Amino acid sequence: IFGHRNLPLLLLQARERVIANFRPALNAAGVTEQQWRIVRALLEQGPLEPRQIVTLCAISSPSLAGVLSRMDDLGLVKRVRLDHDQRRVRVSLTAKSRALARSLAPQIEAIYAGIEQRIGHRFTQDFYRTLDELINLLAEGEPEAE
């Protein structure tokens, strides 16, 4: 019936194989995969608005509201209303989440090193480039999110 392989399914299977390597460390640290994606995004990008987190972390807007609320309750993020527009919020990391990231970093880096050892440095670098290119090519021509 179909002339193409199921790309979304292949990407989900690959994602699951990759995240399975990280799950034990995240579980031991008491954070969910979504919470960790948010921590990493905020570490790398700085404070963000929820709509930016939705895009960067591939989390639906309704799910993000609950995740941020739990993270706020756990003291992992702080949410501050913007002075110029009280409807908008900026999310940033707390000292607690920065300490969590520092304590997890050696384990996370070791997991990346283990994956790279299994699949090879060249494959890893080529795959990063391919994923970046795929993301950019598929983003071209997409309507801007409002």
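## Overall arrangement

Read from the N terminus, the elements of the protein follow the order α-α-α-α-β-β-α-α. The secondary structure therefore amounts to six helices and two strands, as assigned in runs of at least four residues for helices and at least two for strands. The model is a predicted one.

The C-alpha trace of the protein spans about 50 × 40 × 25 Å along its principal axes. Of the 146 residues in the protein, 27% are buried. Among contacts with a separation of 6 or more, 49% are between residues 24 or more positions apart.

In soluble globular proteins, nonpolar side chains tend to be buried together. The largest nonpolar core of this protein has 29 residues, and the members that touch the most others are Trp36, Ile38, Leu42, Ile53 and Leu104. Two or more residues are given to this core by each of α1 (7-29), α2 (33-45), α3 (50-57), α4 (61-73), β2 (85-93) and α5 (95-119). The largest share, six residues, is that of α5.

Apart from its neighbours within four places in sequence, Ile38 is in contact with Ile53, Cys57, Ile59, Leu64, Val67, Leu68 and Met71.

## Helices α3 and α4

Two packed helices are described by the angle between their axes and the distance between the axes. For α3 and α4, the axes come within 10 Å and cross at roughly 110°. Because angles of 65 to 115 degrees count as roughly perpendicular, α3 is roughly perpendicular to α4. The contact brings Pro50, Ile53 and Val54 of α3 against Ser61, Leu64 and Leu68 of α4. By class, its residues are five nonpolar, one polar and no charged.

The loop between α3 and α4 holds Ala58. Most residues other than glycine have a negative phi, and most peptide bonds are trans. Ala58, although not a glycine, has a positive phi of about 55°. Its relative accessibility is 67%, and Ala58 therefore counts as exposed, the cut-off being over 50%.

Ala65 lies in helix α4. With a relative accessible area of 47%, Ala65 is partly exposed. Between Ala65 and Ser103 there are 38 residues of separation in sequence and 26 Å in space, taken from C-alpha to C-alpha.

## The strand pair

Strand β1 (residues 77-82) and β2 run antiparallel and are joined by six bridges. One example of this pairing is Arg81, whose bridge partner in β2 is Val89.

## Helices α5 and α6

Which helix crosses α5 at roughly 105°? The answer is α6 (residues 121-139), and the two axes come within 6 Å. This angle makes α5 roughly perpendicular to α6.

On the α5 side, Tyr112, Glu116 and Ile119 take part in the contact, where they meet His121, Phe123, Thr124, Gln125 and Tyr128 of α6. The residues of this contact divide into four nonpolar, three polar and one charged.

Technical notes: Residues are numbered from 1 along each chain as its sequence is written. This is a predicted model: local features need pLDDT of at least 70, side-chain atom pairs count only at pLDDT 80 or more; totals for chains, interfaces and linings use all residues. Side-chain values use heavy atoms; hydrogens and water are left out. A nonpolar core is a set of buried Ala, Val, Leu, Ile, Met, Phe, Trp, Tyr and Cys residues joined through side-chain atoms within 4.5 Å. Buried means under 20% relative accessible area, exposed over 50%, partly exposed in between (1.4 Å probe, protein chains only). Contact means heavy atoms within 4.5 Å. Axes are lines fitted to C-alpha atoms, for helices over the stretch in contact, and angles run from 0 to 180 degrees between N-to-C directions. Angles under 35 degrees count as roughly parallel, over 145 as roughly antiparallel, 65 to 115 as roughly perpendicular and the rest as oblique. Ala, Val, Leu, Ile, Met, Phe, Trp, Tyr, Cys and Pro count as nonpolar, Asp, Glu, Lys and Arg as charged, and the others, Gly among them, as polar. Two strands pair if DSSP finds at least two bridges between them.
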